[in-house]
Amino acid sequence: MGRPLIIGIIIAAALMFAGATSAFAYDELVYEDLDAESGLDHLEPGRDCIDCHGIVDPEDPEQKTRSGPHGGYSSSTTKCGACHSVHAAPAYFMLLPGPTIKSVCESCHDGTGGNGVYGVIKARTGEEPLSAHRIETTNIIPGGDPETGGPRAQPFSGPGGTLTCTDCHSPHGIEGRMVEPFLGDRYRSDRYISSDSSEVATEYATASSRLLRRAPTGADTSVTVYGTGWCATCHQGRANGSGTHNHPVQQDDHFYYNRLPVLTSLDSTETTLGPLGQSNLGYRMPEITVNGETTRTPLQQESPGPLCQQCHEDVRDATQEFKITEPDGRPDDDDPEGPSTDNPRFQVFPHESNAQRLLIVPPGTSAAYTDALCLNCHHWEE
Amino acid sequence: MMTARQGFGLLAVALAVLLIILLLVLFLLLSPRGLVTQGGAAVAGLEPVLTIEGPGRGSEPTFRRPMDAAIGSNDRIYVVDSDHNRIAVFTRRGRFLFEFGGFGIAKPLPGFDATWEGGLLNFPLGIDVDDRGDVYVADFRNDQIQVFDAEGEFLRRFPDPTKRVGQGGSGQDGTGIAVTDVAVAGDHVYAADSYQVVVFTTRGEFVRQFGRPGVEPGAFDRPNGIAVAPDGTVIVADSNNARIQAFSPEGQLKWAVGRGVHVSGITGEQRDDSEAVFGLPRGVAVLDDGTIAVVDSFEYEIVLLSDEGQVLGRFGQRGASPGQLNLPNGIGAAGDLVIVADKENNRAQLLRLVK
């Protein structure tokens, strides 16, 4: 064997080792080349996995998570594995068990694990709902353009940039990134009273963050409360001060909804002038029971400004007092054979509605809205 | 000595037997086959016996998110093909026999038509088969239970979904019950709704109800599975509370395993999940030896319990191969086999637990 051959072998071996070095030096905690199909291509390359996934510090409010399916990750739990697989995931997208985020969410949120889900209306009508936040269908935001009030397109997290569940909800349940519980919300189904009607299950208070993000749909602004400000992070053309004239939806403007006919008391049909959102005939926020104590003026109702939800909510009759005397879906104990006080009926707002534009209209109304919606606040006697 | 007449008679009998055998072979060859896979290697303690992905014919040849399955005393396999609003029936070898169901609305919104007639379904979730072979189906969005004979002919329904049941149930507008699963034992039918157990006779008369919403022992948060042991113990998969609870037939709590993990929206109360027994128990069945098989959706496995709730073993792993599971939901049992509704894999699997 000649010297040139030996030198050649040495050089070749050196080159091979040199080439292998860079391969072996690849940091498995850093991703570089995730493609669009992975659903992670919107992230900056070169970051560590831990940059996103982190190590949860239960004492840090920014990292504190809930127990239950959405949260509670620690060194002694295996909660991540409920939805994600490190290896051999049946579906490629984000290592989830289903092909899309929607399909994964609906594995549980199909009515068997909780209320407020998609599909309820079609199950009672046989038809698609008249309006909805349509998931994995569109990337157009009605009223999203802050200058014109017209529609605006935006890339979301669903397939093809469409809106999906995680654009609004935080499935990982990190409290510092979710809104505060919405105390002005109304009762939700079957969480309040025992089947023998003997006691109220106060542990099941209505208020919940619903895992809503403080910065939904990737918004720049962070909103801590589910209400008008939260909606306006996306529907920017509907907020006060946008480039078009809107029905004012926030209190920090020149218009105050503080001289409206409201009920003088809970038991009265007489009215007096007062702010909206307390005992208004059309929309009386229900009492909230927390640990056995009932309050009538939830935090958000102290504001004289109306909320988007005062016109946009589940279908109900805006001409009738919205008074809940019993938990949803149950007849009044004093009149067990009488009509249910379940009003609204489906409680799927803002997911879908059997009214147009997700507006509160009497059930069965075909028009987008009726005068009753206006008279709900602008009483004809005033 | 055989006479000619006797000889012809014997020949006729032999030919008749041959004809029957021939017809049987032709039937087996020509009758429709389901989309099935036979056998396979055991995976994490689960030996796949049969994998059924659908009838293999018609406009919907494959399942979409089946939520439950059962093996009847007639050795038939019943699969609840929830998203397709149908029940598909197979032999124990996976041969497709027939299907029944279809979409019908029993409680329409005002202004819409009720399209339900006997046998039509609206998001069926659970199933059980009684000793006679009658099939009981949890017709979830119609807030009722429907009963069929072994051939899929509609027999009756209960409760009336437009009337209040007992002291109230979780059905829409407070009438009927939003039933997630059913179990038949003797003359009684046990139904799980959103927060309680409602007991009927097999004829549909209301007997009693027990449970309430909550995390306390005896309370429920979205139970999704129910079964009855030979001694009458009622086993309930209390899904959102991540536990299994056992009751006497009268509703007295006997034991519970797992723990509630509910978090109050107001107080933000935290609970330690580190020693949780279950992730999300959704289906439950009692095996012939009295042990209890629990389908845990979030752990992608079957948990075997003793008849007093002790954990005896865990079987299965996540995946899409035969023997693996992907968000499994419901379970039925017969002999040493279980049939699992492998929901997110869009299939049902007949499995043997390799202990």
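**Exercise 1.** Determine which way B:Val135, B:Val137 and B:Asp139 point from strand 8 of chain B relative to B:Tyr136 and B:Ala138, and whether these residues are buried or exposed.

*Solution.* B:Val135, B:Val137 and B:Asp139 point one way from the strand, B:Tyr136 and B:Ala138 point the other way, and all are buried, where buried means under 20% relative accessible area, exposed over 50% and partly exposed in between, with a 1.4 Å probe and protein chains only. Strand 8 covers residues 135-139, strands (E, at least two residues) and helices (H or I, at least four) being DSSP runs numbered from the N terminus. The model is predicted, with local features needing pLDDT of at least 70, side-chain atom pairs counting only at pLDDT 80 or more, and totals for chains, interfaces and linings using all residues. Residues are numbered from 1 along each chain as its sequence is written, chains are lettered from A and ligands numbered from 1 in the order in which they are written, and side-chain values use heavy atoms, without hydrogens and water.

**Exercise 2.** Identify the bridge partners of B:Tyr136 and describe the hairpins around strand 8 of chain B.

*Solution.* Strand 7 (residues 124-129) of chain B pairs with strand 8 in the antiparallel sense over five bridges, pairing requiring at least two DSSP bridges between two strands; here B:Asp128 is the partner of B:Tyr136. Five residues separate these strands in a hairpin, and B:Gly133 in the turn has a positive phi of about 100°. Next, strand 8 runs antiparallel to strand 9 (residues 144-148) of chain B, joined by five bridges, with B:Val147 as the partner of B:Tyr136. This second hairpin has four residues between its strands, and B:Asp143 in the turn has a positive phi of about 55°.
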